[in-house]
Amino acid sequence: MFLKVVALLLAVFMTVTSAGLVGGWTDADVNRDDVQNALKFAVTQHNKASNDLYLSQVSRVVKAQKQVVSGMNYLFTVEMARTSCKKGGVEEVCDVHPDPNVAKPHVCRLKVWNQPWTSTIKLTENTCQ
């Protein structure tokens with residue numbers, strides 16, 4: 001009987017640890033709609049907070065993670081670069097400027113908290129190097 005209990009507890013432990021830490025960060029699929037929406041929101045908020053005359057765009061997603069909280073946290077480490085589109089312009093699609101001296105690539109950490117059932121979404125971290 002004791003061995004059955006130990007085996008059961010070991011099985012439960014292995015199941016929980018292989019599923020990832022509850023409430024911990026897990027890698028996110030950047031192709032999923034919810035992740036894309038959070039990233040677009042983060043970039044829009046980043047551009048609003050920036051003093052630059054030009055819009056920045058993600059040139060590369062270094063890492064995307066998510067965390068279940070009272071809602072969902074999304075954490076992005078991205079390479080951002082300046083585009084040739086001015087803020088407030090009419091352009092819908094803005095590619096990264098081809099000249100690296102103008103594009104000024106830099107790495108940013110953007111964190112979004114989303115609680116869809118209350119229609120709440122916030123950029124909670126916006127740090128760039």
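Mentor: Let us start with a cut-off: a residue is called exposed when its relative accessible area is over 50%, buried when that area is under 20%, and partly exposed in between. Please keep in mind that this is a predicted model.

Trainee: Then why is S119 called exposed?
Mentor: S119 has a relative accessibility of 69%. Exposed means over 50%, so S119 counts as exposed. You will find S119 in the loop between strand 4 and strand 5.

Trainee: What is the phi of S119?
Mentor: The phi of S119 is positive, about 55 degrees, although S119 is not a glycine. K104 is also a residue other than glycine with a positive phi, near 45 degrees. K104 sits in the loop between helix 3 (100-103) and strand 4.

Trainee: Is K104 exposed or partly exposed?
Mentor: Its relative accessibility is 47%.

Trainee: What does V112 touch?
Mentor: Not counting residues up to four places away in sequence, V112 touches several residues, including A38, F41, N73, Y74 and I121. V112 is also among the residues with the most contacts inside the largest nonpolar core, along with L39, V58, Y74, F76, V78 and M80. That core has 17 residues.

Trainee: What makes D52 and R82 a salt bridge?
Mentor: Their side chains meet at 3.0 Å, N to O. The cut-off is within 4 Å, so the pair qualifies as a salt bridge. D52 lies in the loop between helix 2 and strand 2 and R82 in strand 3, so the pair ties together parts that are 30 residues apart in sequence. D52 is partly exposed at 22%, whereas R82 is buried at 17%.

Trainee: How many salt bridges does a search of the whole structure find?
Mentor: The search finds 3. Another one joins E125 and R109, with the closest N and O atoms 2.7 Å apart. E125 lies in strand 5 (residues 120-128) and R109 in strand 4, so this pair ties together parts that are 16 residues apart in sequence. There is also a salt bridge between D34 and R32, at 2.9 Å. D34 is partly exposed at 24%, and R32 is partly exposed at 41%.

Trainee: Which residues are closest to the centre of the largest pocket?
Mentor: The pocket has a volume of about 460 Å³. Of the 20 residues that line it, V43, T44, N47, L55 and Q57 are the closest to its centre. Helix 2 (33-49), strand 2 (54-69) and strand 3 (71-86) each give two or more residues to the lining, and helix 2 gives the most, with 7.

Trainee: What is the lining made of, by class?
Mentor: The lining has 7 nonpolar, 7 polar and 6 charged residues.

Definitions and conventions
Residues numbered from 1 in each chain as written. Predicted model: local features only at pLDDT ≥ 70, side-chain atom pairs only at ≥ 80, totals over all residues. Heavy atoms only, no water. 1 Å grid on protein atoms, 1.4 Å probe; cavity = no way out; pocket = protein on both sides within 12 Å on 5 of 7 lines; lining within 4 Å. Points joined across faces, edges and corners; volume = space filled by probe spheres on them. Helix = DSSP H or I, 4+ residues; strand = E, 2+ residues; numbered from the N terminus. Nonpolar A, V, L, I, M, F, W, Y, C, P; charged D, E, K, R; others polar. Core = buried A, V, L, I, M, F, W, Y, C linked by side-chain atoms within 4.5 Å. Buried < 20%, exposed > 50% of the residue type's maximum accessible area, 1.4 Å probe, protein only. Contact = heavy atoms within 4.5 Å.
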